[in-house]
Amino acid sequence: MKKLALASIALFAFGAHAQLNKNIDSVADYAVNTYQNAQIHTLTNLVAFPTVNKSDITAPQNPDFIGFKALLKMKAAELGFDYQDLGYTVLIGMGEQSEKVTVVTHGDVQPANASKWKQSPFIIDTSEPGKLVGRGTEDDKGAIATALYAMKAIKDKGITLNNRIELMIYLAEESDWGPLTQFMKTYEQPKYAVTIDASYPVVVAEKGWSLIAPTFNATSPQTGLYVKDVTGGAFRSQIPEDASLVLHNADAALINTLKAKAKTLNKVEFNFSEKSNGLAISVKGMSAHSSEPESGINAIAYLAELFKGVELENNSDGELIGFVNQLIGLDIHGKQFGEIAYKHDFMGPMTVAPTVIERDGNALTLAVNARRPMGKDEAVLQKQIDDALANWQATNNVTLANIETIIGTPMLLDGAPHAQKLLDIFKHFTGDEKADFVSIGGGTNAKLFDNAVSFGPSMPGKRYTGHSEHEFMTLEQLELNLRMYTAMMIELGNM
């Protein structure tokens, strides 16, 4: 959910630079001076609920989500806002005007591997100066806390708005858009919608979340050179930080060759350890949001790269390693994957990354997360994927047990009426007069609205930490967000 390409303003039909409300600086100052500590406290409380969706219980029945919503209800009452619990969706509103501005967020988070954090990922860690480290700080609980206190500052100052401000908090953005898609069939479209689940300056284009997931389910005699116990990754929207396997029947010469090659792949850290049943090999990369594969170091890709040119027996594990090497490699743009690679002038290139290996007995499923820009028809892309997979199977004498594909729909808005106003706000508070509209690789719930754009909370040029195992929000950024979200609500509230 971060920027990938800067736009040329000439591409879009947005309005000219407009004068901002004369009150925004004084109200923004008031918001920060009065509520900076309060939003930190609220963020701490929100993070304490491990709102990770589970397959065996729905969010509305999950005790962690129930507690999370109880906290939101209490905060709404405390701050003087109306509150609606609609199951998967919570609405917190200010004002009874007939038209509204919907500010879109989500309260669920991705899983976190506790062993990779200094303390529990669901307790705010302040040991790093100027940072609040914890799961959800950047994606999306920090933005929720900020929006609440931006609304409160406006309410305190008695500012009259033409439009109602409605904060929408969805509880399954990271895993299941179905309930929200159904909800949007009856939700009255707002006058303006803004998601605060992406990046600045203003996001007007999003790639489509896509998936290629082959399943390998083969056996081999296991008399020659083979690998087993291949593992890697944590979930489908995270660049994997860890991957490992066990190599069997390798002679000393091959082991020495692999160790020497590992030293040349110095972006990652390899570890070799002798086991009673073989040689265990692990690799440590760096996790990142899979919409920004360039921000991470893909452990699965590097583990496979170590075995490029090594002939392995065709069991499930060996087939998977060969698949990654031949169709993906260390490239992140799908250039080895048949003809699927392409690029859009504004949205940038397609990205392709192996993200997680899922095991069910002997069967291994490799999730390959792709982010698709505008510029290629869905049917064409699907055929290119199918052809690449068919050719790979034929070339390697492999039959995949299953293939799951999802082709996501990209979004490009060229005339959102409030986009220019948001860009003006960003320029005003940052002093960056060169700021322009951007495209992101991530997908937000903006796609479900008629004219939604995204506005923060991540700054351009800085690594996005959501979905990583070191997610944080800086105190400085939290303060800047509070200023800009206060201004956003005033400006859009009166448009």
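Thr355 is found in strand S19, residues 351-360; helices (H or I, at least four residues) and strands (E, at least two) are DSSP runs, numbered from the N terminus. This is a predicted model, in which local features need pLDDT of at least 70 and side-chain atom pairs count only at pLDDT 80 or more, while totals for chains, interfaces and linings use all residues. Residues are numbered from 1 along each chain as its sequence is written, and side-chain values use heavy atoms, with hydrogens and water left out.

Thr355 is buried, with a relative accessible area of 0%; buried means under 20% relative accessible area, exposed over 50%, and partly exposed in between (1.4 Å probe, protein chains only). A polar atom of the Thr355 side chain lies 3.1 Å from the backbone oxygen of Arg236. Residues up to four places away in sequence aside, Thr355 touches Gly232, Gly233, Ala234, Phe235, Arg236, Gln238, Pro240, Ser290, Ile300, Ala367 and Asn369, a contact being heavy atoms within 4.5 Å.

## Annotated span

The unreviewed UniProt entry carries the annotation "domain: Peptidase M20 dimerisation" for residues 278-359; UniProt positions are given in the numbering used here, feature names are shortened, and annotations may be inferred rather than shown by experiment. In the model, residues 278-359 are 24% helix and 27% strand, and their end C-alpha atoms lie 20 Å apart.

## Strand S6

Strand S6 (residues 164-170) is largely enclosed by the rest of the structure, because 7 of its 7 residues are buried. In a regular strand the side chains alternate between the two faces of the sheet. On one side of S6, Arg164, Glu166, Met168 and Tyr170 are buried, and on the other Ile165, Leu167 and Ile169 are buried.

S6 pairs with strand S3 (residues 89-94) in the antiparallel sense over 6 bridges, and Leu91 stands opposite Met168. With strand S4 (residues 100-106), S6 pairs in the parallel sense over 7 bridges, and Thr102 stands opposite Glu166. Two strands pair if DSSP finds at least two bridges between them.

## Helix H9

Helix H9 (residues 419-430) has 12 residues and reaches 17 Å from its first C-alpha to its last, close to the expected 16 Å; the expected span is 1.5 Å times one less than the number of residues. Just after H9, Gly431 takes a positive phi of about 75°.

H9 is mostly covered, with 10 of its 12 residues buried; among them are Leu422, Leu423, Ile425, Phe426 and Phe429. The buried residues of H9 pack against helices H1 (24-47) and H10 (475-493), and against strands S7 (192-195), S9 (202-206), S23 (437-440) and S24 (452-454).

Technical notes: Polar contact = N/O pair within 3.5 Å; in protein donor to acceptor, adjacent residues only side chain to side chain.
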